[in-house]
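This report describes how parts of one chain pack together. Please have the sequence and the model open while reading.

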Amino acid sequence: MSRRLYSVPEAMARTGLGRSNLFNKLASGEIRSVKAGKRRLIPDTAIDEYIEGLEEAARTSSVVA
């Protein structure tokens with residue numbers, strides 16, 4: 001069974017983002033997160049959606065008209 005929620009340091013490792021950059025993306029809603037007590041956790045689906053969005057942006061920006 002795979003993990004469904006990741007801590008901030010784990011999400012940083014999966015995305016390659018630094019702490020401040022990750023928190024900025026969480027605050028803007030670019031990456032979804034949940035709170036469990038005092039902990040901020042990032043769903044694996046939110047990380048996947050963020051990465052897919054980056055890939056889509058790269059594909060659309062590299063298309064020559």
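Predicted model: local features only at pLDDT ≥ 70, side-chain atom pairs only at ≥ 80, totals over all residues.

Residues are numbered from 1 along each chain as its sequence is written, and side-chain values use heavy atoms, with hydrogens and water left out.

Helices (H or I, at least four residues) and strands (E, at least two) are DSSP runs, numbered from the N terminus. Buried means under 20% relative accessible area, exposed over 50%, and partly exposed in between (1.4 Å probe, protein chains only).

| Residues of α2 (residues 19–28) | Class |
|---|---|
| Leu22, Lys25, Leu26 | buried |
| Ser20, Asn24, Ala27, Ser28 | exposed |

The buried residues of α2 fall within an arc of 100 degrees seen down its axis, so they line one face of the helix; the arc is that of the directions from the helix axis to the C-beta atoms. The cover over these buried residues includes α1 (8–15), β3 (39–43) and α3 (44–62). Gly29, which follows α2, has a positive phi near 90 degrees.

In α1, Ala11, Arg14 and Thr15 meet Asp44, Ile47, Asp48, Tyr50 and Ile51 of α3, contact being heavy atoms within 4.5 Å.

Leu5 lies in strand β1 (residues 5–6) and is partly exposed, with a relative accessible area of 36%. Leaving aside neighbours within four places in sequence, Leu5 is in contact with Glu10, Val34, Leu41, Ile42 and Pro43.
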